[in-house]
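Please find below a note on the model under review. It is set out as numbered points, each of which may be read against the sequence and the coordinates.

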Amino acid sequence: YTNLTYGDNSYDRFNNEFRGGAAFVPHVYSRFNNVNGKSGSFKERTLELDLLPGRTHPFIQYDSEEQENKYRFEHQTIGIKYIGEQWSSSLGVGERIDHQESDSTKAGLERSAVGTFGSFEIKGRNTNGWTQEVIVHRRLKDDIQKNEHYNYSLARIRTSFRQKDHPIRWDLKGTLEETYMEKRALVYDSVGVGFGDHRYDQEFNTYVDDPNGAFIAYTVFTGDREPTSKLEGLQILELDLGKTSFTKMKNISIRSEMRTTVEGHLGNEQDIFYPMLGDSSIVRSQWSFRNEVVHQPQHSGSMVKIWQDRSRHLNGLDQRGHELNDVLETGVDVRRMINNALSVELKWDHHDISIGSAISDLRERTVNGQWLEGEVCYKMDQWQLAGALHMGFDSGDIQTESYSADAKGIRMDILRFLGKKGRLHGRVEYYRSTTDHPHKLLPPEALNGLANGSTFRSNIMGSWMIGRGFSVNTTLNYLSDARYDDHITFNGEIRAHF
């Protein structure tokens with residue numbers, strides 16, 4: 001029993017829980033929670049029973065919740081489950097009844113919804129490193145107040161393989177949902193230059209990711225519902241050659257990762273992986289495939305990584321039409337430790353980007369080119385100094401006109417550690433970009449996002465721990481290019497750590 005009083009408000013709470021079991025009822029759990037106050041009472045009830053000894057148990061579950069004069073629901077399930085040393089499974093069916101206040105002038109609650117459901121689950125782990133999980137849920141709901149019927153289905157599968165000394169690790173997850181999904185629309189709201197994360201590019205009639213932008217993006221629900229399928233998948237495969245008999249390749253590891261999310265009316269394989277720009281049955285289709293080969297000798301600090309990213313994103317959240325982004329990137333990252341204080345890093349990537357739009361021809365563009373970065377870093381005591389040269393080349397098409405562009409730049413970094421509690425980081429960058437487009441246009445994706453002409457930007461970041469519970473973080477940014485003229489932003493925050 002507890003009591004809480006503040007001001008004119010007073011609440012009394014009584015909470016009781018019981019957990020136990022016996023031979024023919026091996027598991028019993030009950031919970032009673034009651035809160036009383038001036039605005040009314042709140043009640044929760046839970047009861048769980050497992051019957052019969054052994055590994056197979058019929059079970060009963062009951063849950064209810066009530067807010068006085070607001071709502072009440074009762075949820076009851078019966079079924080059977082098996083609990084083994086390595087495997088477990090359950091099969092259950094149930095019903096949920098909801099009551100809500102429909103008219104504030106009338107006393108009592110009225111039945112608002114009735115739902116029936118079923119579930120089936122299998123989970124297991126083998127001694128040889130395999131883990132499996134299969135879950136299937138089905139729910140039918142009649143919304144009495146809205147006179148609507150909902151049909152919800154969920155299927156999830158997961159399998160993985162992991163052994164401590166085995167070179168292969170594998171994870172596979174897949175989820176398929178069938179439900180009534182509320183339609184959404186993508187909205188951009190102006191909050192002022194420097195306070196958003198998108199900018200509007202009038203040349204291409206589109207919004208572009210930009211940390212100095214004047215717009216924020218969010219989705220809003222339109223209220224319309226329609227039957228929709230949602231498929232999500234994830235696969236990760238890792239190979240550590242250091243755990244194989246190939247001793248000459250002991251410092252090499254390989255990793256492959258694939259992610260996919262598709263929403264809409266799914267038909268064949270093309271609808272899932274390669275829906276067309278005009279396919280209005282797909283709300284969103286996004287997948288990415290990344291492969292990496294890493295050579296990293298232990299305790300050396302040096303590393304060579306060869307990677308490739310392939311992604312395709314069809315976005316239909318804009319009510320005016322779909323937009324399709326198709327990206328292929330290949331790169332090499334090299335880091336070499338000359339000694340304990342001096343290191344050299346080189347990054348190169350080749351990219352091929354194609355953007356199509358059913359909204360406006362102004363948005364269509366392609367970008368094909370390379371970006372190269374070389375950096376030298378020197379560490380001494382509480383200081384870290386770095387200098388880098390950047391270079392990029394791109395070409396492609398903007399609507400029906402071709403272009404080519406290049407950029408060169410330099411970057412300087414200074415990092416100062418303030419004991420063990422703080423740090424200061426300063427960065428200065430200068431770039432020069434040119435393009436032969438007749439109107440001097442550059443796609444937002446070209447030249448690593450640089451604007452045409454000169455770009456100068458700098459920032460100073462500082463952080464400091466105050467005791468063990470608080471930290472202060474500040475950032476001062478300056479940017480001057482063709483998009484922003486002498487733009488300065490300052491951010492400061494105090495964080496509490498618990």
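1. Basis. This is a predicted model, in which local features need pLDDT of at least 70 and side-chain atom pairs count only at pLDDT 80 or more, whereas totals for chains, interfaces and linings use all residues. Residues are numbered from 1 along each chain as its sequence is written, and side-chain values use heavy atoms, with hydrogens and water left out.

2. Overall dimensions. The radius of gyration of the chain is 30 Å, while a compact globule of 498 residues would have one near 23 Å. The radius is taken over C-alpha atoms, and the globule rule is 2.2 Å times the number of residues to the power 0.38. The C-alpha trace spans about 75 × 60 × 60 Å along its principal axes.

3. Secondary structure and contacts. The chain has 1 helix and 26 strands; these elements are DSSP runs numbered from the N terminus (helices H or I, at least four residues; strands E, at least two). Among contacts with a separation of 6 or more, 48% come from residues 24 or more positions apart, contact being heavy atoms within 4.5 Å.

4. Surface and burial. Accessible areas come from the Shrake-Rupley method with a 1.4 Å probe; for residues, only the protein chains shown count as cover. Of the 498 residues, 31% count as buried (buried is under 20% relative accessible area, exposed over 50%, and partly exposed in between, with a 1.4 Å probe and protein chains only).

5. A nonpolar patch. Which residues make the nonpolar surface patch of about 470 Å²? The patch is made by I80, L91, F120, V134, V136 and I157. Patches are made of residues with over 30% relative accessible area and no salt bridge; like charges are joined within 9 Å, and nonpolar side chains (Val, Leu, Ile, Met, Phe, Trp, Tyr) within 5 Å. I80 belongs to strand β6 (residues 71-83) and is partly exposed because its relative accessibility is 40%.

6. The structure holds 26 salt bridges, a salt bridge being a side-chain nitrogen of Lys or Arg within 4 Å of a carboxyl oxygen of Asp or Glu. One of them joins D50 and K81, at 3.0 Å from N to O. D50 is in strand β4 (residues 40-50) and K81 in strand β6, so this bridge ties together parts that are 31 residues apart in sequence. D50 itself is buried, at 8% relative accessibility. Another bridge is formed by E429 and R457, whose closest N and O atoms are 3.2 Å apart. This pair also links distant parts of the chain, with E429 in strand β23 (residues 422-435) and R457 in strand β24 (residues 453-466), 28 residues apart. E429 is buried at 8% relative accessibility, whereas R457 is partly exposed at 31%.

7. A charged network. E238, R255, E257 and R259 are linked by salt bridges into a network. Within this group, the side chains of R255 and E257 meet at 2.7 Å, N to O. R255 is partly exposed, with a relative accessible area of 29%, while E257 counts as buried at 19%.

8. Strand β18 (residues 323-337) and strand β19 (residues 342-357) run antiparallel and are joined by 15 bridges; two strands pair if DSSP finds at least two bridges between them. The hairpin from β18 to β19 passes through 4 residues, and M337 has S343 in β19 as its bridge partner. Strand β19 also runs antiparallel to strand β20 (residues 365-380), with 14 bridges between them; here H350 stands opposite Q370.

9. Two residues in context. D349, in strand β19, is buried with a relative accessible area of 15%. Not counting residues up to four places away in sequence, D349 touches W307, E329, T330, G331, G369, Q370 and W371. R31 is found in strand β3 (residues 27-37) and is partly exposed, with a relative accessible area of 21%. R31 and N340, 309 residues apart in sequence, are 61 Å apart in space, C-alpha to C-alpha.
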